Amino acid sequence: LKSYFAAIEDAQAALTWIAENGKEYGLVNDQAVLWGTSAGAITALNLAYGSDELDLEPALTIKGVVNYWGSLASAFQIKPNDPPVLITHGEKDRVVDFARSLELIKKAQAAGVKTEFFPVPGVKHGTPVSREYQGTSILMETLNFVERATNVPDAIWAACYSGKVSL
């Protein structure tokens, strides 16, 4: 349990560093999309939606959360003004139960928070982002989500082409 909260505190410290130093790397300092897989997604979700319960004040405005097969702590509640969430989860996941994503969707929708859900049939924990979902890759769906959440066209690609950030 101690490491669980330490991960959230580390993510908070990273956001603070980005807020203080991001301009040097061509980043938009007032916006962030938290993006994680498995334990990283759990950290992202809990920082974005549990900051009130944890008494944290994120240093940046969290504009969205990308959740690849993670879960939100059941004690945390999603509130009406919380950021949108994109969820990708393998339906056969035995590490993080697929039902946890369904619970997250219900919480988000009950609060009026936008959700995008990409359930992946027949896949266990760790869906490859190159996998196609309804004609496009999960990675491209994610990048499109980031652009919509931040309202910055080509946000990811602009940072990459600047030479200061790489995927």
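## A buried tryptophan in a loop

W69 counts as buried, with a relative accessible area of 8%; here buried means under 20% relative accessible area, exposed over 50%, and partly exposed in between, using a 1.4 Å probe and protein chains only. This tryptophan sits in the loop between β2 and β3. W69 also has a positive phi of about 50 degrees although it is not a glycine. Most residues other than glycine have a negative phi.

S38 is another residue to look at for its backbone: its phi is near 55 degrees, a positive value in a residue other than glycine. S38 lies in the loop between β1 and α2, and at a relative accessible area of 21% this serine is partly exposed.

## What you are looking at

This is a predicted model, in which local features need pLDDT of at least 70 and side-chain atom pairs count only at pLDDT 80 or more, while totals for chains, interfaces and linings use all residues. Residues are numbered from 1 along each chain as its sequence is written, and side-chain values use heavy atoms, with hydrogens and water left out.

The protein has five helices and six strands, taken as DSSP runs (helices H or I, at least four residues; strands E, at least two) and numbered from the N terminus. Read from the N terminus on, the order is α-β-α-β-β-α-β-β-β-α-α. Of its 167 residues, 44% count as buried. Among contacts with a separation of 6 or more, 66% are between residues 24 or more positions apart, where contact means heavy atoms within 4.5 Å.

## Strands and crossovers

Strand β1 (residues 31–37) is largely enclosed by the rest of the structure, because five of its seven residues are buried. β1 pairs with β2 in the parallel sense over seven bridges; two strands pair if DSSP finds at least two bridges between them. Within this pairing, W35 stands opposite V66 in β2. From β1 the chain passes through α2 to β2, and this β-α-β crossover is right-handed, meaning that with the strands pointing away from the viewer, the path from the first strand over the helix to the second runs clockwise.

A right-handed β-α-β unit is also made by β3, helix α3 (residues 98–110) and β4. Here β3 and β4 (residues 115–120) pair in the parallel sense over six bridges, and T88 stands opposite F118 in β4.

S71 is found in the loop between β2 and β3 and is buried at 10% relative accessibility. Not counting residues up to four places away in sequence, S71 touches I42, L45, N46, V96 and R100.

Q77 belongs to the loop between β2 and β3, and at 42% relative accessibility this glutamine is partly exposed. Beyond its neighbours within four places in sequence, Q77 is in contact with Y49, E53, D82 and K107. The C-alpha atoms of Q77 and D52, 25 residues apart along the chain, are separated by 9.2 Å.

## The second largest pocket

The second largest pocket is lined by 14 residues, of which A48, S51, P58, D82 and P83 lie nearest its centre. The elements giving two or more residues to this lining are α2 (39–54) and β2 (61–68), and α2 provides the largest share, four residues. On a 1 Å grid over the protein atoms alone, a pocket is an open set of points where a 1.4 Å probe fits, with protein on both sides within 12 Å along at least five of seven lines, and lining residues have an atom within 4 Å of a point.
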